[in-house]
Amino acid sequence: MTVKELEENLKEGMTAGGLSSKNLERAKVVGIACDVCEANDVEKLANFAVSELGSIDIWINNAGTNKGFRPLLQFSDEDIKQIVSTNLVGSILCTREAMRIMKNQPKGGHIFNMDGAGSGGSSTPLTAVYGSTKCGLRQLHASLLKECKRSKVGIHTASPGMVLTDLLLSGSTLKNKQMFNLICELPETVARSLVPRMRVVKGAGKAINYLTPPRILLALITAWLRQGRWFDEQGRALYAAEADRIRNWAENRTRFSFTDAMEMYTENTWVSVFSLSVVCAFIILSSTSSTLPGT
């Protein structure tokens, strides 16, 4: 069903005309069912990808679950097994399979594991199991960087931030949704920023992030404008269904926002700090009375 739906979206994009349709001339959608917790399924997925595409240039471990927001005592045995198996064990199995394929490819390849709440070792109350898996993935990342140091396989992380998907909304409260209005984005908005950078990644150990310091700062500055952006005061969704949004994806994907421009200059930590300093200085100067000397 997923493959069929994506094929329909692709056809719509190709018939829309313009530059987007030209870029999609060689595009195709392929897929196979896979339980990332099962090693046999993961092996079949890797072999299927090679048979369909010839090689695997980029592998993204995007499967994940969290089973809602609640204290650990309220998680069942099955909940815990599914979270750990999908997020951690699944990512390990998929990474191993991708490495097996890529080590024999002339150009190697790149593997992305997904960061999330808890990746940096911070506490994640009400999502303790999820947070522990993300912390474990960060340790896996550090270890594999050293294992793959002399190979052509690049190990990286991607952090989409807070995205309006079922994974995030599962078990969310009204208070959560009001906060989502400030810093959450639609999947296609995040993809428009992350995917181009993931496609041209080089070397190893890169962190491709969406919710960067400039974006967080901009969200805080414009918080009053973001009230009711995705949810109303009762927590009802105000955004269109995914199928309706994707119909306009071909033309919307060309938008280039102010924060996207800032992203080009924030790959380096020091440059990021400088960018934040410039923004803060501008805000301070803008709010200073014009009667003061030098303003």
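Residues are called buried under 20% relative accessible area, exposed over 50% and partly exposed in between (1.4 Å probe, protein chains only). The model is predicted: local features need pLDDT of at least 70, side-chain atom pairs count only at pLDDT 80 or more, and totals for chains, interfaces and linings use all residues. Residues are numbered from 1 along each chain as its sequence is written, and side-chain values use heavy atoms, with hydrogens and water left out.

Helices (H or I, at least four residues) and strands (E, at least two) are DSSP runs numbered from the N terminus. Helix H5 covers residues 128–147. Its 20 residues should span 28 Å at 1.5 Å a residue, and the end C-alpha atoms lie 29 Å apart, which agrees. The expected span is 1.5 Å times one less than the number of residues. Buried positions in H5 are Val129, Tyr130, Gly131, Thr133, Lys134, Leu137, Leu140, His141 and Leu144. Their cover includes helix H4 (77–102) and strands E2 (109–114) and E3 (153–159).

Two loop residues other than glycine have positive phi. Leu126, between E2 and H5, has phi near 75 degrees. Leu126 is partly exposed, at 44% relative accessible area. Lys67 sits between strand E1 (58–61) and H4. Phi of Lys67 is near 60 degrees, and its relative accessibility of 26% makes it partly exposed.

Arg226 belongs to helix H10 (residues 223–226). Arg226 is buried, at 14% relative accessible area. Its side chain makes a polar contact with the side chain of Thr222 at 3.0 Å. Such a contact is a pair of N or O atoms within 3.5 Å; within protein, one must be able to donate a hydrogen and the other to accept it, and residues adjacent in sequence count only if both atoms are side-chain atoms. Beyond four places in sequence, Arg226 touches Asn181, Leu182, Glu185 and Ala219 (contact: heavy atoms within 4.5 Å).
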